[in-house]
Amino acid sequence: MRSERLQNALFVAAAIAVLAWLSHNLASNLAARGISIDYGFLWSATSFPIGESLISFGSGDSYFRALLVGLLNTVKLALAAIVLSTLLGVLIGLAGRTAHPQLRALAKAYIEVTRNTPLLLILVVCATAVRVLPPPRQAWTFGESIFISSRGLYIPTVLVGDAGPVLAAVAVLALACSFLFWRAMVRGRNETGHFPRPATGGLFLAAAALVGVVVYALGWGEIQKPTLMGFNFRGGMGMTPEYLAMLVGLSFYTSGFIAEIVRGSLAALPKGQSEAAHSLGLSPILTLYLVLAPQAMRLMLPPLANQYLNAIKNTTLAVLIGYPDLVSVGNTALNQTGRAIETVSIYLLIYLSLSLVTSAVIRWLEKRAQLVKS
């Protein structure tokens, strides 16, 4: 024990010494060249617009707000790609375990193509495919309310006016209460063998509040459909061609790796697990949901974390097809201000923070999926 503590102390001391030497070397070289590190440029006015943003931005706003717009665009793309690639990956992975030979062969082909094709090539193909879509007047229409054209994807949305913030707050509160009441129900069942009535009633009330929000939004809100006005669509919710190309390409690439993780995790389980479930009369769906999936989840989570981290970092390739992510906006700010060290350090801090948050969530899920040893 003492030797282990001594080794840890020596390692920490060596790491501190190396960091101190690197910091001194950096400061000396910067001083010799008359360069100073100053983040004051973040509050200077910009002179460029950003084509896509979740918050308002115009030429003349600060560089800090510009980088914030890029960060929000990166998070929006990363979250959507993670969700979409997970759904596709799970479906393809389950198809790879089916007894149908043709479906299994198609799943294997999908996995091999996605895993052996460079992501950059996939993004170039997606960007090219988006550019050759028909113009807005000849847009592809689905149900007379969804339009796909060279200007992007447009779908209907619900407008609730001034009640929007209140409905959003009620919905978030209802979801939080539902989660807490569900936790209380599960804890009560584990301790007493049945669900406690107060928690059950609270869950139903929270669910009713959430349903009420949806009904109010649909009943009193205005469903705004996209309409063609001039050379583009107005109204509804739109996705730009660059965002659409990045989302499709990144999701397609990541889903192949997730599908192989799902397929391999299910294949690693003992065959006797499914045979025992079938002997008890469980259907294949119940066997997967109640027996195989909980055990396979413990095997899936560590490699899934790597794929989610890769998806977040791969969003930096958006700069190549014109999507204004953090790196794209930051590069424009770097070219205008010349603050390379400051801009790159902001990149490092933000992507490190995103990766740490993702890792923390996956570690929490791993703890939830662990076997409880009495």
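Which residues of H3 are buried? In this predicted model, local features require pLDDT of at least 70 and side-chain atom pairs count only at pLDDT 80 or more, while totals for chains, interfaces and linings use all residues. Residues are numbered from 1 along each chain as its sequence is written, and side-chain values use heavy atoms, with hydrogens and water left out.

The buried residues of H3 are Ala107, Tyr110, Ile111 and Thr114, where buried means under 20% relative accessible area, exposed over 50% and partly exposed in between (1.4 Å probe, protein chains only). They lie on the same side of H3, because the arc that they cover around the axis is only 95°; the arc is that of the directions from the helix axis to the C-beta atoms. These buried residues pack against helix H2 (63–95) and helix H7 (241–267), contact being defined as heavy atoms within 4.5 Å. Exposed residues Gln102 and Lys108 are carried on the face of H3 turned away from its buried side. Helices (H or I, at least four residues) and strands (E, at least two) are DSSP runs, numbered from the N terminus.

An open sheet is formed by four strands in the order S1-S2-S3-S8, with antiparallel pairing; two strands pair if DSSP finds at least two bridges between them. Strand S1 (140–142) and strand S8 (237–239) each have a single partner strand and stand at the edges, so one side of each is left without a neighbour in the sheet. S1 is joined to strand S2 (residues 146–149) by three bridges, and Phe142 stands opposite Ile146 in S2. The hairpin of S1 and S2 has three residues between the strands, and Gly143 takes a positive phi near 65° there. S2 and S3 are likewise joined by three bridges, with Ile148 opposite Leu153 in S3, and form a hairpin with two residues between them. Strand S3 (residues 152–155) pairs with S8 over three bridges, Tyr154 having Gly238 as its bridge partner in S8.

Seven aromatic pairs are found in a search of the whole structure. Rings of Phe, Tyr and Trp (its six-membered ring) pair if their centres lie within 6.5 Å; planes under 30 degrees apart count as stacked, over 60 as edge-to-face and the rest as tilted. The rings of Phe48 and Tyr63 form a tilted pair, because their centres are 6.2 Å apart and their planes are at 45°. Both residues, Phe48 and Tyr63, are buried.
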